[in-house]
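Biologist: I am new to this one. Please show me the model, and then let us take a close look at a single part.

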Amino acid sequence: MTAFHEINDAIADFVNAPANRRLRAGTGAYSALFRGGLFGQDRSVDVARQLPSQSVKVLWMGMNPNVPGSLQHILADAECDGDYPSFELQRASGY
């Protein structure tokens, strides 16, 4: 398990906690910590192998303005799954 997996698991645990359940609908693939490529790799496990020997600067922001529907899902209905299934797909993909 890599740091990417641990953080994605922590995101899932957080939005699935009863007190935070409303946030689950606004959590999608766009919420996964790592998407894209780094060090010429695109699978999170391969990127994690490179981290001990290479450095990277990271800007981590708490909102994605390119997904305005995320907020709408949160506000709409606490029982709505919204974009969450796409987060689970991203999380399971290894990318």
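Biologist: In which crossing, left-handed or right-handed, does H1 pass H5?

Modeller: First, the ground rules. This is a predicted model: local features need pLDDT of at least 70, side-chain atom pairs count only at pLDDT 80 or more, and totals for chains, interfaces and linings use all residues. Residues are numbered from 1 along each chain as its sequence is written, and side-chain values use heavy atoms, without hydrogens and water.

Now the crossing. H1 passes H5 in a left-handed crossing; that is, the near helix is turned anticlockwise from the far one by less than a right angle. Helices here are DSSP runs of H or I, at least four residues, and strands are runs of E, at least two, numbered from the N terminus.

H1 covers residues 3-16 and H5 covers residues 84-93. Their axes, lines fitted to C-alpha atoms over the stretch in contact, lie 11 Å apart. The packing angle is about 155 degrees, on a scale from 0 to 180 degrees between N-to-C directions. H1 and H5 are therefore roughly antiparallel, a label for angles over 145 degrees.

Which residues meet? From H1 come Asn8, Asp9, Ile11, Ala12, Val15 and Asn16. From H5 come Tyr84, Phe87, Glu88 and Arg91. Contact means heavy atoms within 4.5 Å. The residues of this contact divide into 5 nonpolar, 2 polar and 3 charged.

Step back to the chain. It has 5 helices and 0 strands, in the pattern α-α-α-α-α. Of its 95 residues, 26% count as buried, meaning under 20% relative accessible area with a 1.4 Å probe.

Note on methods. Parallel < 35°, antiparallel > 145°, perpendicular 65-115°, else oblique. Nonpolar A, V, L, I, M, F, W, Y, C, P; charged D, E, K, R; others polar. Buried < 20%, exposed > 50% of the residue type's maximum accessible area, 1.4 Å probe, protein only.
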